[in-house]
Amino acid sequence: CMRFISGTSASYGAMASALREQMIRNQTLSTKTVEEEDAVPFNLSLLGTADQKLFTVKGKTFAPLQTLTTLEQAQTVVERLKGKGVDNLNLRYIGAFSGLGANTDAASASIRWRVGGTAAYADLQNYIHAQNMELYLDFSLLSRGIVTADKEENALTLTGETMKIEVSGSSTPVLQAQGESVTLRAMHRLESAVIRILAKLRNLNPSGICLNDAGNTLYADYSGTGFNRQAAAQEMREQVTALSTNRKLMVTDGNLYLLKNASIVTDIPLHTAIKTNNAYQEVPFLQMVLHGIVDYSGSAINYSEDRTREMLRAVEFGAYPNYEWCYEETQGKAAAADPLFYEDWLQEASDYYKNVNKALDGLRGERIVSYTQVQQQLFCTEYESGARIYVNYSEKDISYNGLTIESQQFLRVN
């Protein structure tokens, strides 16, 4: 499909609008509009269990699990956040089933005893529900993990070898752990796995689920009758639709074929891989397409090397706060900073959240219609209601059209 845009309509906003319309026609995007709430969402991932640093005994290498946040401790973190004014929380709990990685098949997993078991899960679920918040249980859909006894479940390469990939999370280097090799699920067995997962979800009844691999993994599978990438994408779309029926769906990264069913997409790119210069500037084109249809956020801010710039970029691109924490300290008392320990982040995150609320309140369901660089280091994002967000990246205050945008701050003008 090609569409030619000319004259005054030849803008990023017009191109984004045209693409959005086409994606809706192709049933890639939903026609829904995000519902406004009293506050913008705060996306928090809590690491329940994670791999520890590898060690070797008698020539064999082990990666034992460590418990970083029990379900009871997760409730404590939520209570602390609520006490600091965070009332609209999307809590993604990682490791309830399979640790940080994917070393257990989600279709046969259960709530780990080491994080508190089903009783602690029920307590956390009830508390989250009472606070009008959302709980997303995180699991891998396409990864079968290390244990692969039933080889009929494994995806195969063109040469007939079992298909594997290396997986790791943003916290892997922080925890001095190592990525693990996991086996990918055969596409012709995906439906039966989803049926088993649905049976487990009926008992747990979470308000939402987070697929940590389906948003960034797509492969041709030569097991059974075979699936090329297009057929695999269609199979994924159908099965994810079944998983997300009557519950909310969070996906990381967000492949296009999952967007229609997603309520939240995390870790979408807010930067390009190419360094910007006078001839090349980053533009929130993807965000202009998605805003108002699905909530989104960038990578967890606590991993950023320049948090101030990352916070400004999120507001500039209409992205909501996103953090990844754990309850236990990971760096020891002598460390200057702990990228994961929640206590170290509570105040900064809650202060940032209050500022984001002021900037983006009432704009969740609106389209971004314009994005411009007003001056050097000064950018403006405009929404369909006419609200404008000015972001100043410079180290000096900037005056523009009677406005003063403070250094490394943002300003909303209605």
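Guide: Let's start with the term itself: a salt bridge here is a side-chain nitrogen of Lys or Arg within 4 Å of a carboxyl oxygen of Asp or Glu. Keep in mind that this is a predicted model, where local features need pLDDT of at least 70 and side-chain atom pairs count only at pLDDT 80 or more, while totals for chains, interfaces and linings use all residues. Residues are numbered from 1 along each chain as its sequence is written, and side-chain values use heavy atoms, with hydrogens and water left out.

By that cut-off, the structure holds 12 salt bridges. Take K248 and E134, whose side chains meet at 3.3 Å, N to O. This pair ties together distant parts of the chain, 114 residues apart: K248 belongs to strand β12 (residues 248-252) and E134 to strand β7 (residues 134-139). Strands (E, at least two residues) and helices (H or I, at least four) are DSSP runs, numbered from the N terminus. As for accessibility, buried means under 20% relative accessible area, exposed over 50%, and partly exposed in between (1.4 Å probe, protein chains only). On that scale K248 is partly exposed at 34%, whereas E134 is buried at 17%.

Both of those strands belong to an open sheet of eight, in the order β14-β13-β12-β11-β7-β6-β1-β15, with parallel pairing. Its edge strands, each pairing on one side only, are β14 (295-296) and β15 (322-325). Two strands pair if DSSP finds at least two bridges between them; β6 (residues 89-94) and β7 run parallel and are joined by four. In β7, Y136 is the bridge partner of R92.

R364 is buried, with a relative accessible area of 6%, while E37 is partly exposed at 41%.

For a local example, look at E316 and R313, whose closest N and O atoms are 3.1 Å apart in a salt bridge. These two are separated by about one helical turn because they lie three residues apart in helix α7 (residues 307-316). Both E316 and R313 are buried.
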